[in-house]
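Welcome! Take a look at the model below, and then let's walk through it together.

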Amino acid sequence: MDFSQLLADIPTLVGVIIGVPVVLAAYIVGGEYLVRLLPDKARPSVRPWIWVGPALAAVAVFLVYPVFGTAFSSFFDNQGNFVGLSNYGHELAGFPSGGAWIAIRDNVYWLVLFTLLVLIIGLLFAVLTDRVPYESAVKSLIFMPMAISFVALALIWKFMYSYQPPGDPQTGTINAILGVFHQDPRLWIQDPNIANFALIAAGVWGYVGFAMVILSAALKGIPGDLLEAARVDGAGELTIFRRVIFPLMMPTIVVVGTTLVIFALKAFDIVYVMTNGNYDTDVLANRMYQLLKVGDNAPASAVAIILVAAVIPVLIFNLRQFRAVEARR
């Protein structure tokens with residue numbers, strides 16, 4: 001153990017342990033003191049800003065400023081010369097298979113397939129496991145993939161999809177199962193025709209638990225008396241689900257769906273770990289990273305702004321839906 005380095009780190013450790021609480025306490029006491037100096041009518045409108053101020057400052061420094069800085073950089077080349085929209089034109093040229101179009105196409109695959117599959121399977125699990133004796137155990141197992149990072153998830157599925165030539169022992173679970181049924185192994189993540197769908201399947205496995213938990217909470221919020229009344233009136237379970245449960249859960253389904261859309265647009269770690277964007281599996285976040293890695297900062301900034309532009313409408317829609325749900329309560 002390097003004791004000299006340990007001794008050198010002690011002031012920093014003491015500063016973090018003692019300094020942060022002291023600064024926080026000083027901010028609270030000082031802010032409250034300044035508020036009390038104001039007229040009584042002004043205090044209720046000023047006091048919330050004292051508490052929200054640090055969070056807004058952090059958002060401005062770590063989120064807003066980088067977005068505008070990236071947007072500004074996207075109008076210049078790597079040497080700092082103003083080039084207008086040339087970076088965007090370069091990335092969006094070569095439709096449909098050049099520039100960023102492959103990444104855009106693959107993001108659309110993620111957007112549609114990933115979102116729909118997670119919603120459908122999550123809703124199915126939420127309904128099937130509702131009010132059964134082993135509900136907690138089953139939901140814990142389904143939710144378990146959410147407890148691991150998506151890098152670990154990607155590594156797990158990379159082994160699951162592992163391929164060995166026909167006749168050799170298959171170390172990949174999927175190809176081993178195919179061998180049981182006397183089927184030839186497949187190149188799941190090396191075949192451009194199916195690689196995207198294989199990656200999306202891995203993402204669905206990881207996120208179904210998230211959708212199930214949220215939708216299950218919404219399902220349990222439906223009054224039991226309402227369901228019993230429908231059963232007394234002679235409605236079957238499918239009719240109850242279609243006419244009662246599904247409409248009442250729709251606000252939650254929309255919120256969960258838009259959250260999944262945002263994740264699909266930002267998909268990166270699964271793609272990077274499993275294929276690194278090869279075999280026509282590239283996505284916008286991975287393309288941006290690859291451009292940054294080779295020093296093409298200006299085109300990378302353009303790709304980043306394209307990604308932000310795709311995410312912002314979904315965020316706005318999500319916020320409106322959240323406010324609408326809150327207004328109904």
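## The whole protein

What percentage of the 329 residues in the protein is buried? In this predicted model, buried residues make up 33% of the 329.

Along the principal axes, its C-alpha atoms fill a box of roughly 80 × 65 × 55 Å.

Now consider contacts with a separation of 6 or more: residues 24 or more positions apart account for 64% of these.

## How helices H4 and H8 meet

Two packed helices can be described by the angle and the distance between their axes. The axes of H4 (residues 101-128) and H8 come within 6 Å and cross at roughly 40°. That makes H4 oblique to H8, and the crossing is right-handed. In their contact you can find 22 nonpolar, 4 polar and 2 charged residues.

## How helices H6 and H8 meet

Helix H8 (residues 195-220) also meets H6 (residues 150-160): their axes come within 10 Å and cross at roughly 130°. H6 and H8 are therefore oblique to each other, and their crossing is right-handed.

Which residues make this contact? From H6 come Phe150, Leu153 and Trp157, while H8 brings Ala202, Trp205, Gly206 and Tyr207. By class, 6 are nonpolar, 1 is polar and none is charged.

Notes. Residues are numbered from 1 along each chain as its sequence is written. This is a predicted model: local features need pLDDT of at least 70, side-chain atom pairs count only at pLDDT 80 or more; totals for chains, interfaces and linings use all residues. Side-chain values use heavy atoms; hydrogens and water are left out. Axes are lines fitted to C-alpha atoms, for helices over the stretch in contact, and angles run from 0 to 180 degrees between N-to-C directions. Helices (H or I, at least four residues) and strands (E, at least two) are DSSP runs, numbered from the N terminus. Angles under 35 degrees count as roughly parallel, over 145 as roughly antiparallel, 65 to 115 as roughly perpendicular and the rest as oblique. A crossing is left-handed if the near helix is turned anticlockwise from the far one by less than a right angle, and right-handed if clockwise. Contact means heavy atoms within 4.5 Å. Ala, Val, Leu, Ile, Met, Phe, Trp, Tyr, Cys and Pro count as nonpolar, Asp, Glu, Lys and Arg as charged, and the others, Gly among them, as polar. Buried means under 20% relative accessible area, exposed over 50%, partly exposed in between (1.4 Å probe, protein chains only).
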